[in-house]
Amino acid sequence: MILSPFTPLFFPSAKADGIESAYIQTFAPTDKILIELLGPKIWAGLATVVGINGSASFRIQFNYWDITESTRLRFAALSLSPGFYQVSIMGIGRSAVFRVTDDADILDNTTLIQYSNKDNRSRHDVISWIDGMQHFFDFRVPGGFKDSNWTFGVESEQFVTEDSDIIQLYGLESTQMKFTLGMSEGCPVWFAELLNRLLTCDYVYFDGVRFARKEASVPETNAVMDGLNSFVFTQNLQKVVNIDPKLTLEHQAIMRRVDTTNYRAVNETNNRLIK
């Protein structure tokens, strides 16, 4: 059984070296924490949400979708009430502790990144389209865009007439922005690893605005907090302002969240259709 590396939770290795980070990942109650497991059709494993400090614990009820005759996708979109949690998956391990909060002062310092692919052929370790419906991952990170890190560009072609007038044949403007990940307190390095990975997706939204990686840029480390294993990263991005003509009007509305009322899937526990 393989946990999709696009799942927005961190499962630390038992053999990890170095100083353990004390950072606790944050989500909002409205975020959908999408977990994808890819593996054989028969799996007797158990996955649970483990509540900490009084938060409720429960078993994760996976839906499933058959990819091939021998491979099955198991997936679940978790919406949790405020509290502290871990996700435990048999054979994979236990995630780092994360919190769900509705505190506006905390959430105002975070950015919700949502990402998906245009089809299931781009990669073999993530499924974006399930039973004809597109699904997005929600990944909330500490950070945002600073006004001082905007740059502007233009792609244009001009010619000069014999009267020295400039005639523009076409012009396309662009806005590049630098995203700061980690803010002043920093964050663990795996945040940047997932940011670099999710930017390979076809559709990436930062707080509802679509961006793409600027050329071949990757997250750059700007500061290190000694003794805390925390880092600050920056990533060059460019706004995507043109709507993909291949998308239907329904998808142009940017359906970013997994909504179990809008797709059909088979619940693995009771083998009934959810509509």
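**Terms for the views.** A residue is buried when its relative accessible area is under 20%, exposed when it is over 50%, and partly exposed in between (1.4 Å probe, protein chains only). Helices (H or I, at least four residues) and strands (E, at least two) are DSSP runs, numbered from the N terminus. This is a predicted model: local features need pLDDT of at least 70, side-chain atom pairs count only at pLDDT 80 or more, and totals for chains, interfaces and linings use all residues. Residues are numbered from 1 along each chain as its sequence is written, and side-chain values use heavy atoms, with hydrogens and water left out.

**View 1. Strand S19 is largely enclosed by the rest of the structure.** Why does S19 count as largely enclosed? Because seven of its 10 residues are buried. Strand S19 covers residues 230–239 and runs antiparallel to S15, with six bridges between them. Two strands pair if DSSP finds at least two bridges between them. Phenylalanine 179 has glutamine 235 of S19 as its bridge partner. Methionine 177 is partnered by leucine 237 of S19. Strand S17 (residues 209–213) also runs antiparallel to S19, joined by three bridges. Here phenylalanine 211 has lysine 239 of S19 as its bridge partner.

**View 2. Strands S14 and S15 form a hairpin.** Strand S14 spans residues 137–160, and strand S15 spans residues 166–181. The two run antiparallel and are joined by 14 bridges. Glutamine 158 faces glutamine 168, which belongs to S15. Five residues lie between the strands of the hairpin.

**View 3. Phe159, Ile167, Leu169, Tyr170 and Leu172 form a nonpolar surface patch.** Patches are made of residues with over 30% relative accessible area and no salt bridge; like charges are joined within 9 Å, and nonpolar side chains (Val, Leu, Ile, Met, Phe, Trp, Tyr) within 5 Å. Accessible areas come from the Shrake-Rupley method with a 1.4 Å probe; for residues, only the protein chains shown count as cover. Together the five residues have about 480 Å² of accessible area. Which strand gives the most to the nonpolar patch? Strand S15 does, with four residues. Phenylalanine 159 lies in strand S14. Its relative accessible area is 39%, so phenylalanine 159 is partly exposed.

**View 4. Four aspartates, Asp102, Asp103, Asp105 and Asp108, form a negative surface patch.** Lys and Arg count as positive, Asp and Glu as negative; His and the chain ends are not counted. The place of a charge is taken as NZ of Lys, CZ of Arg, CG of Asp or CD of Glu. Aspartate 103 sits in the loop between strand S10 (98–100) and helix H1 (104–107). Its relative accessibility is 33%, so aspartate 103 is partly exposed. What separates the C-alpha atoms of serine 81 and aspartate 102? The separation is 8.7 Å, although the two residues are 21 residues apart along the chain. Serine 81 belongs to the loop between strand S7 (71–78) and strand S8 (83–89). Serine 81 is partly exposed because its relative accessibility is 45%.

**View 5. Aspartates and arginines meet in salt bridges.** A salt bridge is a side-chain nitrogen of Lys or Arg within 4 Å of a carboxyl oxygen of Asp or Glu. The count comes to six salt bridges by this rule. Aspartate 66 meets arginine 72 at 2.7 Å, N to O. Aspartate 66 is partly exposed at 33% relative accessible area, whereas arginine 72 is buried at 11%. Arginine 121 pairs with aspartate 119, their closest N and O atoms being 3.4 Å apart. Arginine 121 is exposed at 69%, but aspartate 119 is buried at 16%. Aspartate 125 forms a salt bridge with arginine 123, with the closest N and O atoms 2.8 Å apart. Arginine 123 is partly exposed at 28% relative accessibility. Salt bridges with shared partners join Lys41, Asp66 and Arg72 into one network.

**View 6. Asparagine 53 and glutamate 215 have positive phi.** Asparagine 53 has a phi of about 60°, although it is not a glycine. Its loop runs between strand S4 (47–52) and strand S5 (58–59). With 72% relative accessible area, asparagine 53 is exposed. Glutamate 215 is not a glycine either, and its phi is about 55°. Glutamate 215 lies in the loop between S17 and strand S18 (220–225). Its relative accessible area is 69%, so glutamate 215 is exposed.
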